[in-house]
Amino acid sequence: MGMTMTQKILAAHAGLDKVTAGQLINGKLDIVLGNDITTPVAVNEFKKADFRSVFDRDRVAIVLDHFVPNKDIKAAEQSKTCREFACSHCVSHFYDVGKMGIEHALLPEQGVVTAGDCIIGADSHTCTYGALGAFSTGVGSTDMAAGMATGMAWFKVPSAIRFNLTGKLAKNCSGKDVILTIIGMIGVDGALYKSMEFTGGGVSALSMDDRLCICNMAIEAGAKNGIFPVDDVTMTYLNGRSERPPVVYEADADAEYERVIDIDLTQIVPTVACPHLPENTRPASELHGVKIDQVVIGSCTNGRLEDMEAAYQILKGKKVAQGVRVIIIPGTMQILRECVERGWYTAFIDAGAVVSTPTCGPCLGGYMGILAAGEKCLATTNRNFVGRMGHVDSEVYLASPHTAAASALAGYISEYQEGEA
Amino acid sequence: MNTNGKAFKYPDNVDTDVIIPARYLNTPDAKELALHCMEDIDQSFVKKVQKGDVMVAGWNFGCGSSREHAPLVIKTCGTGCVIAKGFARIFYRNAINIGLPILECEAAAEEIGAGDQVSVDFDTGVILNQTTGKAYQAQPFPPFIQHIIRCGGLLKSLKEGETHE
């Protein structure tokens, strides 16, 4: 029996010819990542264990993004801990205010992660980089500390679910509708401990931003990782960007999958996950009765250039509905700059939205858009758990940038109809 | 090693945002964070929990964020063990790495009631509901994970210079 793409990357990084699902391995790491919330805990563990240096200053990435620019004094202390550690160990991929972005938008954009990599990050959405054809998974701070010190991590080789994608998305749909539909089908633990391997003829029609969004939310189905094959779209994206040469792995023709699920992209409709789990999905068209108080367009899931463009195409020349607060958060400084240069920033302001510096901010209820009791927010973020964006009695609905922008104009949940803009 | 205490019962899909809401994560201080453990679904937990008590939950416990603060606050509150039908993978890994005992046992998680007196023997994986007198056998950890637990966490096991084969 052959290996899946994930298994091949893990075997190569463990120095083994073959691995099988369930096997425990020690893998060499290409990148170890942390943010301003998880790194201070890792630094503490690193020091407690008396490690003196990081294994490779070029293979550690520390991104200040969750509560940055610092939201309060305690957050400032956490950032300071990260900054001092990065400085004392000469960490080359350290991103502070002015250079920073939301980590999972930033690292692919800056070419820090590439195809064939084995990556751990002390952030659950580290699974995003599977879009580039890498094995990438979220871990905790202690694993981050161990990874920074040794350049190694232990893994249980995952079994896999293969998603056979066919067809092409409608214009009012994006990767977000695909992954929300899948999570609705299999549930929040539907891929627990497994890899989600996206394959099939439909892959080529998905942009890199769509793929990054789809892999980003693999964790929301409980998966260890999500992964796409490397194709022309990947190579075009990586070309001139990737710091290290990409390495291409392909699944064996006789690789074993626990399940194969066919997804016809032409059948995907604008989809919304209702409170309080990402699996509570319904077509946006069935939710027109839900009045919203706030819209957030951003996050590591949907803060990329295509997401901003979707928001612009729908909001330009229009006004957001009375009583709806619309917060737009470009994922990185480069994306923010593009928004300015292309005139989108002005269009957002003219529509009655606010535009923020890159930050995770409201997605996890940090700052920049906290909800009061009873308020409803439609967000392009990734989680709608109880209290996720503020008060325990507030509610978060998850959707694509198209649906979020259309809903911002309507004042209630509404899908974008082509030709409307 | 063992623990003995009262059971606190929770449903499926308890996520890390309710175990420790992100709004408090502007500090890495476990004692300060522990004051808010479970507060978004059970405000009384922190007031009631005693050293050695046991959390009993359904499927996919600890889903969501990778924050290690989640198992850390459960441990810091004095909780002796979490018994669940199943755990989310990052939480499982983090709990092992920081030394919070966790056990997978579907029958125990189903049948133990809130407030039941429960004792757990970590060496044998035997869970005893003293209130009902019923005993359960939890899934044993693989040897590699037992090694991490014996060493007192991942970093200590690395310091010992041993890796699994």
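Me: What makes the pairing of D143(A) with R93(B) a salt bridge?

Reply: In this predicted model, the closest N and O atoms of D143(A) and R93(B) are 2.6 Å apart. The cut-off is 4 Å between a side-chain nitrogen of Lys or Arg and a carboxyl oxygen of Asp or Glu, so the name applies. Between chain A and chain B the count is 3 salt bridges, and there are also 17 residue pairs in polar contact.

Me: Which parts of chain A make up the side that touches chain B?

Reply: Several helices and strands supply at least two residues each, among them β1 (24-28), α3 (73-88) and β7 (152-156). The most comes from α5(A), with 6 residues. Sorted by class, this side of chain A has 27 nonpolar, 14 polar and 11 charged residues.

Me: How much area is buried between the two chains, chain A and chain B?

Reply: About 3700 Å², with carbon and sulfur atoms giving 59% of that. On chain A's part, T142(A), W154(A) and Y193(A) supply 18% of the area buried against chain B, more than any other three residues. The contact takes in 52 residues from chain A and 41 from chain B.

Me: Now to a single residue. Why is S159(A) called buried?

Reply: S159(A) has a relative accessible area of 16%.

Me: What makes the link between the side chains of S159(A) and E258(A) a polar contact?

Reply: The contact joining the two side chains is 2.9 Å, and the limit for such a pair of N or O atoms is 3.5 Å. Other residues that S159(A) touches include Q7(A) and K194(A).

Note on methods
Residues numbered from 1 in each chain as written. Chains lettered and ligands numbered in written order. Predicted model: local features only at pLDDT ≥ 70, side-chain atom pairs only at ≥ 80, totals over all residues. Heavy atoms only, no water. Contact = heavy atoms within 4.5 Å. Buried area = accessible area lost by both parts, 1.4 Å probe. Polar contact = N/O pair within 3.5 Å; in protein donor to acceptor, adjacent residues only side chain to side chain. Helix = DSSP H or I, 4+ residues; strand = E, 2+ residues; numbered from the N terminus. Nonpolar A, V, L, I, M, F, W, Y, C, P; charged D, E, K, R; others polar. Buried < 20%, exposed > 50% of the residue type's maximum accessible area, 1.4 Å probe, protein only. Lists of a residue's contacts leave out its neighbours within four places in sequence.
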